[in-house]
Amino acid sequence: MMNTESQAEQTSSKPNSHNAPNSAATEQEQRLRMKMGRIKNKIAVISGKGGVGKSTVTVNLAAAFALQGHTDKVGILDADIHGPCVPKMLGLKGQKLIGGPAGIIFPVTGQHGIKVVSMDFLLPNDEAPVIWRGPLKMRAIQQFLSDIMWGELDFLFIDLPPGTGDEPLSVMQLIPDIDGVIIVTIPSEVSQIVVKKAITFAKQLGVPVIGIIENMSGFICPECGAKLDIFKTGGGQKIATDLSVPYLGKIPIDPAICVDSDSGTPFVAGNKASPAAKAFAEIVMKIKQFLKDE
Ligand SMILES: Nc1ncnc2c1ncn2[C@@H]1O[C@H](COP(=O)(O)OP(=O)(O)OP(=O)(O)O)[C@@H](O)[C@H]1O
Ligand SMILES: [Mg+2]
Ligand SMILES: [Zn+2]
């Protein structure tokens, strides 16, 4: 795939170039509407700061829903254009998007039938960066939504880069009936300050806040069982109260989460008895409740 803006500009004036730009846009909008209309629930995962566990949460929520009776009915759009890592976390590195007849493009299917679309499936190698400005990123996300054969899904989770930049803005504006956003934070005050911006962002765009997850909340020492609040604790609940948005729960630090994401297996699938997996299970219940009440 194209790696610089100039290359991309050249290759992206594809089949519809005989149409007026406006009708081409509406045609794509219609395709997007149709594709998204076949997906029952669409949920984006955002944060203020980076590295707080958005991708981890996305992958594990997708796996948890797939395991709870939605096998083959869950998708993940990895909308982190510059730092896609969902494929790595699901053991799908090196896979490519598959083209079918008549230019149809299918997602890559991973464990539990999770359908994944990521920039990573279009890059020639791990060293290749994507050097794109906002409008091109928006166009890429638009194409991921409108031109990929997602099929009939119960859930589409959208993993986003940190903050309130081009990618989250594109996703919120492009998906017509997005159900809401899940906001991931770590408990520290530094993270709390930034996460408030993410909540305001969602509110200003009229996208419901499904709730806040406090990740990396405490660590149980495997040697002596002591609980250490490495990044403090309770920050997620505090923001939820301060800004009147739902609180979904906290996930502790568990080294197995890191090991599993590096080895490409969703943590929740293999560690059901662990406190972190139980935390995920409670969060899943709250999300289901939110979607039911909507
Ligand atoms: N609760 C946890 N316990 C242990 N490790 C965790 C936990 N949550 C996330 N991690 C690890 O922390 C690292 C960062 O997580 P992740 O990539 O999901 O963050 P992110 O918010 O998506 O980052 P970015 O902002 O770069 O997209 C990963 O290596 C992941 O395995
Ligand atoms: Mg990420
Ligand atoms: Zn100890």
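This is a predicted model: local features need pLDDT of at least 70, side-chain atom pairs count only at pLDDT 80 or more; totals for chains, interfaces and linings use all residues.

Guide: First, a definition: Ala, Val, Leu, Ile, Met, Phe, Trp, Tyr, Cys and Pro count as nonpolar, Asp, Glu, Lys and Arg as charged, and the others, Gly among them, as polar. Residues are numbered from 1 along each chain as its sequence is written, while chains are lettered from A and ligands numbered from 1 in the order in which they are written.

Visitor: How many helices and strands does the protein chain have?

Guide: Eleven helices and eleven strands. The radius of gyration of the chain is 19 Å, close to the 19 Å from the globule rule for 294 residues, so the chain is as compact as a globular protein of that length. That radius is taken over C-alpha atoms, and the rule is 2.2 Å times the number of residues to the power 0.38.

Visitor: What share of the residues is buried?

Guide: 43% of the 294. Buried means 20 or more other C-beta atoms within 10 Å of a residue's own; exposed means 12 or fewer; partly exposed is in between; C-beta atoms are placed from the backbone.

Visitor: Show me a buried one. Where does Ile213 lie?

Guide: Ile213 lies in strand 9. Ile213 is buried because 29 other C-beta atoms lie within 10 Å. Leaving out residues up to four places away in sequence, Ile213 touches several others, including Val57, Ile182, Leu248 and Ile283. Touching means contact: C-beta atoms, placed from the backbone, within 7 Å. Ile213 and Ile283 are 70 residues apart along the chain, with 8.1 Å between their C-alpha atoms.

Visitor: New topic. At what angle do helix 7 and helix 8 pack?

Guide: About 35 degrees, with the axes 10 Å apart. Axes are lines fitted to C-alpha atoms, for helices over the stretch in contact, and angles run from 0 to 180 degrees between N-to-C directions.

Visitor: Which residues meet there?

Guide: Glu189, Ser191, Gln192, Val195 and Lys196 in helix 7 meet Gly235, Lys238 and Ile239 in helix 8. By class, that contact has two nonpolar, three polar and three charged residues.

Visitor: What about Ser244: is Ser244 buried or exposed?

Guide: Ser244 is exposed, because it has 8 other C-beta atoms within 10 Å. Ser244 sits in the loop between helix 8 and strand 11. Its phi is positive, near 50 degrees, although Ser244 is not a glycine.

Visitor: And where is His112?

Guide: His112 is in the loop between strand 5 (108–109) and strand 6. His112 also has a positive phi, about 60 degrees, without being a glycine. With 19 other C-beta atoms within 10 Å, His112 is partly exposed.

How values were computed. Helices (H or I, at least four residues) and strands (E, at least two) are DSSP runs, numbered from the N terminus. Two residues are in contact if their C-beta atoms, placed from the backbone, lie within 7 Å.
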